[in-house]
Amino acid sequence: QKMPPSLPATINIQEPRWDQSTFQGRAKHFFMVTDPRNLLLSGATLEEARRVVEDYRAGTVHPGLTEDQLWRAKYIYDSAFHPDTGEKMILVGRMSAQVPMNMTITGCMLTFYRTTPAVLFWQWVNQSFNAVVNYTNRSGDAPITPSQLGTAYVSATTGAVVTALGLKSLTKHLPAIIGRYVPFAAVAAANCINIPLMRQRELKLGIPVTDENGNRLGESTAAAQKAIFQVVVSRIGMAAPAMAIPPVIMNMLEKRAFLKRYPYLNAPLQVSLVGLCLVFATPLCCALFPQKSSMPVSSLEPEVQDQIRKKDPWLETVYFNKGL
């Protein structure tokens, strides 16, 4: 029997498999990255994927390895190991945990929104989870200090709780459906506080900007502002369908005899509806903006523009990693 031809050692697995300049390519990439099934993989499977990827990067191709198997190993490896440090990431902080964790937390936030203790508790749980995700996915280039993490955590939790309780008191005399949207407003407010605080170092010192080939040209705070704005929009977009569609459905269902007869089905139904929305919203909103984002040189700070003009007078566009 003839052996299949050996895989060439020239496939660039540093980059995603699909074209990241198109929304479709980015969506395919993030459907793989956020696949919740990766959480069920055993330690042995993760280590095998690590071995395949590290050996391939070092120029060693395992006999019989196909291109599909190589990409599968790359996505398993990326789902569990930090891209900068190579450490195995905390399970609940991985991108593949986003859907199951958010569906549980968001479902409970939307179910238990009527009492103040429940609002306080679930907003706190949500921000604690966000802090774990932000810490797990921190950049190796610009690590987050414990004090920055603590400040962002306390500020975002306070912002979410104040927004939720403030809106809750305002919506007392409005139709019941309006009250169901209070958790979404609180989550949106918390994202607007949390992400800039987590990345305050970038806002002060700037993030690396490069040319098309990845040659570093300097650090820009204007690029950092654009990157953080894009991440905030993506995160709010991710939460929107899961927090906007289920309340309408649940409001209709609660008027029917079925839920009045079986009220204990309220929370599981809500969590399932949220999960259905998140399975699609999470990868599609991650894909809204290219990971390797760009901006015109003319939009950068004057001193960074001068620095770039000295190196390359004709350069018109710079690129930067927006983060997640």
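Visitor: Into which domains is the protein chain divided?
Guide: Domain bounds come from an automatic or database domain assignment, and here the protein chain is split into domain 1 (23-88) and domain 2 (95-321), with their C-alpha centres 26 Å apart. This is a predicted model, in which local features need pLDDT of at least 70 and side-chain atom pairs count only at pLDDT 80 or more, while totals for chains, interfaces and linings use all residues. Residues are numbered from 1 along each chain as its sequence is written, and side-chain values use heavy atoms, with hydrogens and water left out.

Visitor: How many residues of domain 1 and domain 2 are in contact?
Guide: Taking contact as heavy atoms within 4.5 Å, 15 residues of domain 1 meet 22 residues of domain 2. The buried area, meaning the accessible area (1.4 Å probe) that two parts lose on being put together, summed over both, is about 1400 Å² between domain 1 and domain 2, and carbon and sulfur atoms give 69% of that area. Salt bridges (a side-chain nitrogen of Lys or Arg within 4 Å of a carboxyl oxygen of Asp or Glu) number zero between domain 1 and domain 2.

Visitor: Which residues line the largest cavity?
Guide: Rolling a probe the size of a water molecule over the atoms shows where empty space is left. On a 1 Å grid over the protein atoms alone, a cavity is a set of points where a 1.4 Å probe fits but cannot get out, and lining residues have an atom within 4 Å of a point. The largest cavity holds about 70 Å³ of space, and its lining includes M109, F112, W122 and P183.

Conventions: 1 Å grid on protein atoms, 1.4 Å probe; cavity = no way out; pocket = protein on both sides within 12 Å on 5 of 7 lines; lining within 4 Å. Points joined across faces, edges and corners; volume = space filled by probe spheres on them.
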